[in-house]
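Dear colleague,

I am handing over the structure shown below, and I would ask you to keep it in view while reading this message.

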Amino acid sequence: MISREPTLERLATAQALLLEPFGLDESHLSRALADIRLRQVDDADLYFQYTRSEGWSLEEGIVKTGSFSIDQGVGVRAVSGEKTAFAYSDDISEASLMDAAHTVRAIAQAAQSRRVRTPARKVAPSRQLYGALDPIATLDSNAKVALLARVEQLARSRDPRIVQVMAGLAAEYDVVLIARADGTRAADVRPLVRLSVTVIAEHNGRREVGSAGGGGRFGLSYFDDALIAQYVDEAVQAALTNLEARPAPAGEMTVVLGSGWPGILLHEAIGHGLEGDFNRKGSSTFSGRIGQRVAAKGVTVLDDGTIADRRGSLNVDDEGQPTQRTVLIEDGILKGYIQDATNARLMGVKPTGNGRRESYAHVPLPRMTNTYMLGGSLEPEEIVASIKRGLYATNFGGGQVDITSGKFVFSASQAFWVENGKIQYPVKGATLVGSGPDVLKRVSMIGRDMRLDSGVGTCGKEGQSVPVGVGQPTLRIDGLTVGGTA
């Protein structure tokens, strides 16, 4: 539910952290924005941020590193047409704020100064998808070290072939305050935690790696004994499976993608191509194709920033817009793009709550939140059994995509060779090569097991990294090119 009440509470928290200690109040925000608007600009905003983060890592049985940092600052932006002027400072003060405001207003076309009326302050509506807690304080230091030691102990006890265990625990408390030129005020308090487990298995001189983990927008108590054991088991099983892996075959073949994290292929190969800036500039393979068929029937892709506690979710985006559930592709037909405020204005559409930035030192861009494909009606076992000769890929490592052509290359970190509907053996070194739009048209079977990833995704774009979520059901793709090592 969207309302203004949660925003009022978060505004009070943000003002206590980001304004009051520096002698700032609402009048200073209004004055800075009015100074920018003395010139003709289309949009302007102030973005204050306070981030406290902590990280612990274990290796070789001991906690080797522990880090703690605090960062705070303000970014000031003015937009005129397609041009953006941006300044930022880690010094939150009236002088820095006014200097930045005076600097960015220079983007406006040369014009005489004018009188401006200060818009009435209005509180942005927002969601309440996660608690406004400080996750760093949800466990003391001794408990955090004990948690990592538990990971080490469990992993080594699973199998004697596990020769090395690495684990990391991270927590972040992020508070943002957004003031827009139209008088809108928004704020968010964003907890974020993550636990990662990596093991190395060795047998007869061969070493293989397995990884697992998860997280989201909650406290560290989320990582209870059962979940820690699950992550450990997944990492160990992946490493031991890879010890038995044979070289992957190459060629064009049927490929079945597992549910959950394999949605990273969907995120990279299709999701980026649906971001508003690429489509406004005509550089995406999806540009100008709203209403056209871009995927097989049954393929429905969403970007949804409103899922409670998810890593990619936000109560409001970094421009103060409430996040939403956006249908990008429906039953194979392209329905819309992912939009921030600037690209939405230039394209004559509404923002979708996808204006995101890495920090106060970065400009917002249209970015994904949680991007996933809806499930179908088939059992995953039925889909795997349909393979005559092909690949069943259940986990992925890195990949890259060319936005203009849609072409991608992805490496499978865990995959199996299948013949006559039966899994034969694990394979190593398989890479999937293709084009995003082409792959969507080759989807021939969709499972009923849609699953989101465990909460580990980070997306990069133009040098900025933001937390995201991905997901999909088990999918069969016909005639996909596989680069192998056999």
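Two strands are said to pair if DSSP finds at least two bridges between them. The strands themselves are DSSP runs of at least two residues, numbered from the N terminus. Please bear in mind throughout that this is a predicted model.

Strand S1 covers residues 43-59 and strand S2 covers residues 62-80; the two pair in the antiparallel sense over 17 bridges. Within this pairing, Gln 49 stands opposite Gly 73 in S2. S1 and S2 form a hairpin with two residues between them, and Glu 60 in the turn has a positive phi of about 55°. S2 is also joined to strand S3 (residues 83-89), in this case by seven bridges, and these two strands likewise run antiparallel. Here Ser 80 stands opposite Lys 83 in S3. The hairpin of S2 and S3 has two residues between the strands, and Gly 81 takes a positive phi near 60° there.

A further set of strands forms an open sheet. Its six strands follow the order S12-S11-S10-S15-S24-S21, and the pairing is mixed. Which strands stand at the edges of this sheet? They are S12 and strand S21 (451-452), each with a single partner strand, so one side of each is left without a neighbour in the sheet. S12 pairs with S11 in the antiparallel sense over two bridges, and Ile 329 stands opposite Leu 334 in S12. Helix H6 (residues 263-271) lies across S10, S11, S15 and S24 and runs at about 110° to S24.

Most residues other than glycine have a negative phi. Asp 331, although not a glycine, has a positive phi of about 50°. This residue is placed in the loop between strand S11 (325-330) and strand S12 (333-334). Is Asp 331 exposed or partly exposed? With a relative accessible area of 32%, Asp 331 is partly exposed. Asn 420 also has a positive phi, near 50°, and lies in the loop between S17 and strand S18 (422-428). Its relative accessible area is 60%, so Asn 420 is exposed, the cut-off being over 50%.

The largest pocket has a volume of about 960 Å³. It is lined by 42 residues, of which Ser 211, Ala 212, Glu 234, Trp 261 and Asn 395 are the closest to its centre. At least two lining residues come from each of strand S6 (184-203), strand S7 (206-216), helix H5 (225-243), strand S16 (389-401) and strand S17 (407-419). The lining of the largest pocket divides by class into 15 nonpolar, 20 polar and seven charged residues.

The second largest pocket holds about 520 Å³ of space. Among its 27 lining residues, the closest to the centre are Glu 172, Asp 174, Leu 192, Glu 358 and Pro 467. By class, the lining of the second largest pocket has nine nonpolar, seven polar and 11 charged residues.

How many cavities of 30 Å³ or more does the model contain? The count comes to four. The largest cavity has about 70 Å³ of space, and the residues lining it include Ser 30, Arg 37, Thr 118, Arg 180 and Arg 185. Helix H2 (residues 26-36) gives the most to this lining, with three residues. Four of the lining residues of the largest cavity are nonpolar, three are polar and three are charged.

The second largest cavity has about 50 Å³ of space. Leu 257, Leu 265, Met 373, Val 439, Gln 472 and Ile 477 are among the residues that line it. Two or more residues of this lining come from each of H6, helix H10 (436-441) and strand S25 (475-483).

Yours sincerely

Conventions. Residues numbered from 1 in each chain as written. Predicted model: local features only at pLDDT ≥ 70, side-chain atom pairs only at ≥ 80, totals over all residues. Heavy atoms only, no water. Helix = DSSP H or I, 4+ residues; strand = E, 2+ residues; numbered from the N terminus. 1 Å grid on protein atoms, 1.4 Å probe; cavity = no way out; pocket = protein on both sides within 12 Å on 5 of 7 lines; lining within 4 Å. Points joined across faces, edges and corners; volume = space filled by probe spheres on them. Nonpolar A, V, L, I, M, F, W, Y, C, P; charged D, E, K, R; others polar. Buried < 20%, exposed > 50% of the residue type's maximum accessible area, 1.4 Å probe, protein only. Contact = heavy atoms within 4.5 Å. Axes fitted to C-alpha atoms, helices over the stretch in contact; angles between N-to-C directions.
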